[in-house]
Structures are given as C-alpha cells and as structure tokens.
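Q: Please show me the structure. Then take me through how to read its features, one at a time.

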Amino acid sequence: MTAGWAEWPLRRRSPSTAPTTDNRSEARRPPAGPRNPGAGGAPSPPAPSELEESPVAPAAPTTAVGTRTVVSHLSRLRSPKGQADPLPHYRDLRELGPVLPTPWGGHLVTRHALVDSVLRSRKWRTTDSAWKERQDSDRWNGFAQQELSRTLQGLNSPHHTRHRRSIGNVFDRATLAGLHAVVAGTVDGLLDTLQDRVAEEGDADFGSLVGDQLPIEVIGSWLDLPRADYPKLLWLTHEHVVCQELLPTATALAGADRAAEGLRDYFTEVIRDRRAHPRDDVISGWLRTWDAMEEDREQADAAVFYLLMFLFVASVETTATLMPTMVHLLDRHRDQWRAVVADPDLAPAAVEEVLRYDPPIHMAGRVAARDTELGGVLIPKDAMVHLMIGSANHDPDHHRDPATFDIHRTGERISLHLAFGGGAHFCVGAALARQEATLLLRGLAERFPGLHVTAPPQYAQRVAFRRLTGMRVSTG
Ligand code: HEM
C-alpha cells in the first residue's frame, strides 16, 4: 500500500469550508482564495470589478508586463463578447509575452511550445492534496477540491502512475469497436428526437437535446448505470466542474462541494452494489484489479471510487461541449459543412479541426515542484501556471494560419493540438470522444444536410471549461 493512499479513507471529510453566501452578497465579495486562485484545470474568473478590486502583489517580480494589463485582458476574455470570440484576446495575450504574471502570483502561459513542455515535464505537478494543504485557503480546501486531489487529475507520480496503470488503455481498439454500436445507436435515437422536436417547434436546443445526452448515454451504458439516473448525474457534473474554473466564486465553490457530496453518495452506492452483485462489467473488473493490488478492501473501494467518479465527470462535461461547438463552427463555415455533407469521410478531419480551433478545455493548471525558469521568467516553488490551451492551439509558431478554421489542413500534424492535454495526464478518453463526435457528425451530415443554427449560442461565463447554452438549430 502506498503511504499517500493510506490517508485516503472513503469516509466523508469535514464539511466544505467554502462560504455559502447567497447570490446577492456573493456578487459583492472577492473570489475565495485570492492567494492562489484557479488551477485553470477548470475554474470561472471573477467579475471584472472583482479582478480590478482585489489584485494581490505577485510573489516575485517576473516580467515587464504589469498584472493590471493581464487582469484587464482576463476581464474582457470572460465577458459575453470575449466568450463568444476569445481569439482576439488570446492573440493580444500571446503578443504580450509567453509567460504573463497574474495578481495572485500565478502566471498565464500563452505559447504552444511552453504549454506542451510544462505538460510533459516532471518539474511541474498537478495541484495534489499536499499542495492544497499548504495553501491555507478556502479556494483549495472545500470538499470538491479535496475529492479532486484523490482522482487521476490530482495525483502526481508515483501514485498517479499506479492508478493510471490500473485501468490500462481503457479505450483501446477492441473496446471502441465494442462501443461503436452503442454510440451509433445513441446518435440515431438522439437525431430522431431532434427531428421530432424541430417538426413540433420549428427549431430545438441542440446542446440539451443532443450534446449533453450523447456522452452520458455512452459512458452510462459502458459503466452499466441506470438510465433513470442520468438527469441527476448530468446536473451534478455541471455543478461540480466549476470548482476547477479560474477564480470561481464562493457560491460556485459551495455548489461544487454539494455536487461532490452527491457524486460521493451516488458512486459509493454503485461500488457497494457491485461488491454485493459482481458482474462481467467495467466496475467489477476494476474492483478485481484493485483487490489484487491492495490488501485493504476499503482502500481498494476508495481507489475504484475515485477512478470511476472522475472518469465519469471528465467524460461528460467536455464531450457535451464539443458537440454544439462542432455544429456552430461548421454552420459559420457553410462551405465546409457542405463538404462534409458531400463526403462524410471528412468527419474525422473536421472533428480534429474543431478540437484545435475551440477545444472544450481552454486552460489547465500546474504548479512548480521547485523554483523554475519558464520562458525566461522565474516561477517560485509552488506557484501556479495556467496553461492556456485555447491560446496554444492558435499559436502561429505551431499552426499555419491558426485563426482560419480549415478542416482541409494538410502538411501539418493537426492532431498535435493540445485539446486533450499531454504527458502523463493525457486524456484517458480522447479516442472515445473522437469516436462520439465523428459518428455524430456523420449522422448529422447524412440525415440533415440543411442543418443550420437558428439562434447563436450563449456561453457560460467561464475561462477554463467552455460551455455553450441555448444554441437552437433547425434540421432543414
Ligand atoms: C472532447 C472531449 C474531451 C476533452 C477535450 C478532454 C480533455 C482533457 C484534458 C485537457 C485533460 C488533461 C487535463 C490536465 O492535464 O490537467 C484530460 C484528462 C482526462 N480525461 Fe479527458 N477530455 C475529453 C473527454 C474525455 C472522456 C470521454 C473521458 C472518459 C471517458 C475523459 C477522461 C479523462 C480523464 C480520466 C483524465 C485524467 C487523466 C489523468 O490525469 O491521468 N476525457 N481530458
């Protein structure tokens, strides 16, 4: 048994320390945890006024660019206009420099080469439980954050290696082949529903009818979870993810803590059920693996719980955003939509370009294991870097003519975008997400050549995890 793991009981920890103020008072308070805000592994920046009111001097002098300039860009990035089109803000930030200071002592990393190198280097670590304990801040010590630090995303080696290896290459060719019929059947059913709804109402909300449903139906079926539970699980997932935003509000953190409790209760019960009634399924298989690795059954259950809970959450929120983004971008580039309609074999290339152009995750976070130089800037031990995946994917040093959406890109390895991260924490479900998006796009192109957006998307006010809401479409 590893020392770190022994400290991770499946008991509920003390209640969240995140304040639970109502929304009115929340609007006036600074974001929780000003010392070291969001990982950018998934957090929501504060309102512009909060950003301007609560700057804290960075831990060490770093670059010639002032933190006020960076904050002003972040404020604009977070505005509805910035969320609808973040690219000009990314361009401005890249032009300011590759590594930019924030008021809380963290740094934005804007260029592809640096983001990629941080993701792949052992000099940088994820925000694990030891790091969070050192922060002395509500931002990092609520229940949702504590739970996250026990998942793959919050573990560093050697614990991360052990847990990641325990599930192997979960979405290998054979598994994907087995899931093909499930994904294709789900796509068919969802497109039937979309067609019916459009026939009744003239248009329909693509995100809630299709985007949200496809990933949960697929992962739910793979994990053999009851369909009746999907709406509740979807809600818990949406609430939970905001704890990873950049500078989440105290209210958002409190909601995430409650969602983490809900996810703990739900998946603990699933594990209890599989213990009592083992099946020939994924979860029972993971329990057998961990029973062989771990003498203490409670610890084996805990390990499987965190693998299961995080894999579920990670699979739903991200893929749900990819689907409407894909439809939106192809609608804005009708010639390319028509090309996919004429040749549905273009679907994989189109999906790849959507992932590059507007990935579901725009920021990931890492902390320095020791004092480190990055892009000519000193990053002190424990300080955070916010890896701007959305910006890196538009770095002209890496992608030709990056602001152009082009599903026909040739002569460059488009799949070397950073939408799925890189290095040890590279996305576990990348192949599944690609399969779901490709089959959906083929289905849309074959069944609804006249598909078009009738009301442009609204965006949740987030900087790290994109979320489109209210994008209505018509099928003809
Ligand atoms: C378009 C859809 C998806 C996108 C854009 C995406 C993106 C990412 C990114 C950027 C990371 C790395 C985060 C970091 O380094 O801090 C990640 C990790 C992860 N993803 Fe995905 N993901 C997607 C779909 C999925 C799916 C479908 C699953 C599971 C079925 C999944 C499971 C995971 C897991 C478990 C990790 C943590 C891996 C680790 O830390 O070792 N993801 N994902």
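A: Begin with one residue. Leu-247 counts as buried because its relative accessibility is 2%. Buried means under 20% relative accessible area, exposed means over 50%, and partly exposed lies in between (1.4 Å probe, protein chains only). This is a predicted model: local features need pLDDT of at least 70, side-chain atom pairs count only at pLDDT 80 or more, and totals for chains, interfaces and linings use all residues. Residues are numbered from 1 along each chain as its sequence is written, and side-chain values use heavy atoms, with hydrogens and water left out.

Q: Where is Leu-247 found? What is its phi?
A: Leu-247 sits in the loop between helix H15 (230–241) and helix H16 (250–276). Its phi is near 55°, a positive value in a residue other than glycine. Helices (H or I, at least four residues) and strands (E, at least two) are DSSP runs, numbered from the N terminus.

Q: Asp-401 also has a phi value to read; what is it? Is Asp-401 buried or partly exposed?
A: Phi of Asp-401 is near 45°, again positive in a residue other than glycine. Asp-401 lies in the loop between helix H21 (389–392) and H22. Its relative accessibility is 46%, so Asp-401 counts as partly exposed.

Q: How many helices and strands does the protein have? What share of its residues counts as buried?
A: The protein has 22 helices and 12 strands. It has 476 residues, and 60% of them count as buried. The accessible surface comes to about 18600 Å², and carbon and sulfur atoms hold 52% of that. The areas come from the Shrake-Rupley method with a 1.4 Å probe.

Q: What share of the contacts joins residues 24 or more positions apart?
A: Contact means heavy atoms within 4.5 Å. Take the contacts with a separation of 6 or more: residues 24 or more positions apart account for 76% of them.

Q: Which residues does Asp-331 touch?
A: Asp-331 is in helix H18. Leaving aside residues up to four places away in sequence, Asp-331 touches Leu-451, His-452 and Val-453. Asp-331 and Leu-451 are 120 residues apart along the chain, yet their C-alpha atoms are separated by 8.1 Å.

Q: How do I read helix packing? At what angle do H17 and H18 cross?
A: Two packed helices are described by the angle between their axes and the distance between the axes. Helix H17 (residues 282–293) and helix H18 (residues 297–332) cross at roughly 140°, and their axes come within 9 Å. H17 and H18 are therefore oblique to each other. Under 35 degrees is roughly parallel, over 145 roughly antiparallel, 65 to 115 roughly perpendicular, and the rest oblique. The crossing of H17 and H18 is right-handed. Right-handed means that the near helix is turned clockwise from the far one by less than a right angle; anticlockwise is left-handed.

Q: Which residues make the contact of H17 with H18?
A: On H17 they include Trp-286, Leu-287 and Trp-290; on H18 they include Val-304, Leu-307 and Leu-311. The contact divides into 10 nonpolar, no polar and three charged residues. Ala, Val, Leu, Ile, Met, Phe, Trp, Tyr, Cys and Pro count as nonpolar, Asp, Glu, Lys and Arg as charged, and the others as polar.

Q: How do H11 and H17 pack?
A: Their axes come within 10 Å and cross at roughly 135°. H11 and H17 are therefore oblique to each other. The crossing is right-handed. Arg-162, His-163, Ser-166 and Ile-167 of H11 meet Trp-286, Thr-289, Trp-290 and Met-293 of H17. These residues divide into four nonpolar, three polar and one charged.

Q: At what angle do H12 and H22 pack?
A: Helix H12 (residues 173–201) packs on helix H22 (residues 430–447) at about 40°, with the axes 9 Å apart. H12 and H22 are therefore oblique to each other. H12 passes H22 in a right-handed crossing. Among the residues that meet are Leu-176, Val-183 and Asp-188 in H12, and Leu-432, Leu-439 and Arg-447 in H22. The contact holds 11 nonpolar, four polar and four charged residues.

Q: Which residues does the cis peptide bond with omega of about 5° join?
A: The cis bond joins Ser-157 and Pro-158. Pro-158 lies in the loop between helix H10 (143–148) and helix H11 (159–167).

Technical notes:
Axes are lines fitted to C-alpha atoms, for helices over the stretch in contact, and angles run from 0 to 180 degrees between N-to-C directions.
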